[in-house]
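Notes are in the order I made them.

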Amino acid sequence: MVHQSGPDIVAEHSCFDGQRVPASERAALEATVYLYVASPDGKNDISGSGTVLRDSRMPQGHNRILTIRHVTQHALRKHGRIYILDRFGHKLGEARQTPATILSESQLAQEPDSGVHDLPGDNAVLLDMQPRTPAYDQISGVDVAPRLYRGIMYAWFTDPGALMPGVSGAALLNEHNQVIGIAEGTGGGENTIGSAIFFHGSIAAFMPVAGPGVQEILHLQPTFAPPENRVHVHVFGYPEELYIAYHGQIQTSDPGPMQEMARIMHDLSGL
């Protein structure tokens with residue numbers, strides 16, 4: 001990453017230092033946590049991203065974390081543990097999927113397909129947190145937007161690059177720093193412009209803030225309406241061995257125009 005300087009550039013001795021995050025977005029940066037899913041045998045460990053939600057407290061008083069199902073499903077299948085770290089690399093504690101959001105394998109098979117092919121039921125889930133330090137409860141978190149879209153959303157990111165593995169579960173945030181979706185994955189193939197170690201541009205799929213138990217637990221009564229086309233959005237996440245503050249635009253339901261953009265960028269870049 002190329003480090004910059006200026007009023008919007010992060011300089012807090014965190015892994016996001018040198019990246020552009022305006023002051024209006026800093027609360028969401030603070031709320032973004034790193035999920036490390038460790039298997040008992042130490043093999044097939046994976047990572048993901050999550051977001052602390054404001055006023056989503058468990059009976060124990062700790063706010064919950066919003067993420068995507070395929071990250072937590074890996075922990076369930078492998079009998080793994082989910083460790084939560086902040087942007088400074090501090091281990092905040094351990095999390096477990098909120099029971100009311102867990103689906104069995106047979107239930108998953110009955111769920112509709114998601115934005116990424118062959119991942120049925122890959123929607124929003126919640127994590128119950130077991131902090132090991134008071135630092136976790138000092139994270140204020142962010143709110144879910146009062147107006148949400150029912151379907152899958154697609155976004156094109158090139159600032160500073162495309163979404164990459166490890167960003168799964170990160171919140172899609174609108175200009176008011178409110179959650180409007182959850183990162184699921186990229187289309188890959190011809191929809192992704194990448195070099196050997198970095199994805200420069202790609203269409204990414206975002207699932208709505210919905211899933212078994214999620215809206216009930218959070219006491220959400222959102223107005224379901226599509227956002228305006230080409231809404232400016234931001235995502236903070238932890239792709240493998242990188243830490244990136246993304247900025248881009250969303251498109252609802254039809255990724256066709258963005259696929260054409262990807263094709264043109266392929267032709268221009270030669271990648």
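This is a predicted model: local features need pLDDT of at least 70, side-chain atom pairs count only at pLDDT 80 or more; totals for chains, interfaces and linings use all residues.

**Core.** I started with the largest nonpolar core, which has 61 residues.

**Ile84.** I listed its contacts, skipping neighbours within four places in sequence. Among them are Val33, Tyr34, Leu35, Ile65, Leu127 and Met129. His90, Lys91, Leu92, Gly93 and Ala95 are on the list too.

**β4 and β5.** Next I checked the pairing: β4 (residues 81-85) runs antiparallel to β5 over four bridges. Ile84 sits opposite Gly93 of β5. The two strands make a hairpin with five residues between them, and I noted a positive phi of about 85° at Gly89 in the turn.

**β5 itself.** Is this strand mostly covered or mostly uncovered? I found it mostly covered, with five of the seven residues in 91-97 buried.

**β5 and β6.** I then moved on to β6 (residues 124-131), which pairs with β5 in the antiparallel sense over five bridges. Gln97 has Leu127 as its bridge partner in β6.

**Ala124.** My last stop was Ala124, also in β6. Why does it count as buried? Because its relative accessible area is 0%, and the cut-off is under 20%. Its contacts beyond four places in sequence include Leu66, Ile68, Pro208, Val209, Val214 and Ile182. I looked at Ile182 again: it is 58 residues away from Ala124 in sequence, yet the C-alpha atoms are 6.8 Å apart.

Key:
Residues are numbered from 1 along each chain as its sequence is written. Side-chain values use heavy atoms; hydrogens and water are left out. A nonpolar core is a set of buried Ala, Val, Leu, Ile, Met, Phe, Trp, Tyr and Cys residues joined through side-chain atoms within 4.5 Å. Buried means under 20% relative accessible area, exposed over 50%, partly exposed in between (1.4 Å probe, protein chains only). Contact means heavy atoms within 4.5 Å. Two strands pair if DSSP finds at least two bridges between them.
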